[in-house]
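Here is a short report for a reader new to this model.

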Amino acid sequence: LCGIAGVVDTAVVAAGWTLARAERRLPSLAWLALGLVLALPLALVSLLPALHLVGASERRAGLSFGDATVWSLHPLRLGELVWPRLFGATPPDESAGRALGPTWAFSVYLGAPVVVFAALAAARGDRRLRAIAGLALFMLVVALGRYTPLYALYRALVPPERLVRYPEKHLGTVVVLIAALAGVGFTRAFAATAQRL
């Protein structure tokens, strides 16, 4: 059911990105809504099979909080953002050192330079870049699943999330947002260096 999680994340990020970047928010949100409606037939290619499978599975009535959050990102694994395989080379279907519980993503490594450039973009950028950094942080907290009270609220406010089993899937969205911020930070850092030369 990655299709459902992907569609929800795309809508959340598109709305957050639009709110952060648009000069005129209301008309921009209206255009975004129109774009999402027009994109729905394309999304149905992945959604229809997923929804068909939901109807024939235990997810039909939604998953319980306990079942849905089995593969939540353990907070200690945040260290893997800058240190690859910090807790060893554990396959995703086994527990990572037993203390961390099961994992969905084999690695969450982005690398220290990427994280630093993203942080620089957020710290030295305008309110729009800080809003995008906030959106990345929000989705990272959502990926923590059962380890934070925010996930229960997120599931209550975003009904399709009740069909998603692994909160760690939201890391894909975090990676896209951090990579975008890192690109801005990298460009600005080396543009300043080039100007000094």
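## An exposed tryptophan

W83 is exposed, at 55% relative accessible area (exposed means over 50%, buried under 20%, partly exposed in between; 1.4 Å probe, protein chains only). W83 sits in the loop between α3 and α4. Helices are DSSP runs of H or I with at least four residues, numbered from the N terminus.

The model is predicted: local features need pLDDT of at least 70, side-chain atom pairs need 80 or more, and totals for chains, interfaces and linings use all residues. Residues are numbered from 1 along each chain as its sequence is written, and side-chain values use heavy atoms, without hydrogens and water.

## A buried histidine

H74 is in the loop between α3 (65–68) and α4 (112–124). H74 is buried, with a relative accessible area of 13%. A polar atom of the H74 side chain lies 3.1 Å from the backbone nitrogen of L76.

## Aromatic pairs

Rings of Phe, Tyr and Trp (its six-membered ring) pair when their centres lie within 6.5 Å; planes under 30 degrees apart are stacked, over 60 edge-to-face, the rest tilted. The count by this rule is seven aromatic pairs. In one of them, the ring centres of F138 and Y154 are 5.8 Å apart and the planes stand at 65°, so this pair is edge-to-face. F138 belongs to helix α5 (residues 127–143) and Y154 to helix α6 (residues 150–157), so the pair ties together parts 16 residues apart in sequence.

F138 is partly exposed at 28% relative accessibility. Y154 is buried at 5%. Ring pairs join F65, F138, Y151 and Y154 in a cluster.

Note on methods. Helices (H or I, at least four residues) and strands (E, at least two) are DSSP runs, numbered from the N terminus. A polar contact is a pair of N or O atoms within 3.5 Å; within protein, one must be able to donate a hydrogen and the other to accept it, and residues adjacent in sequence count only if both atoms are side-chain atoms.
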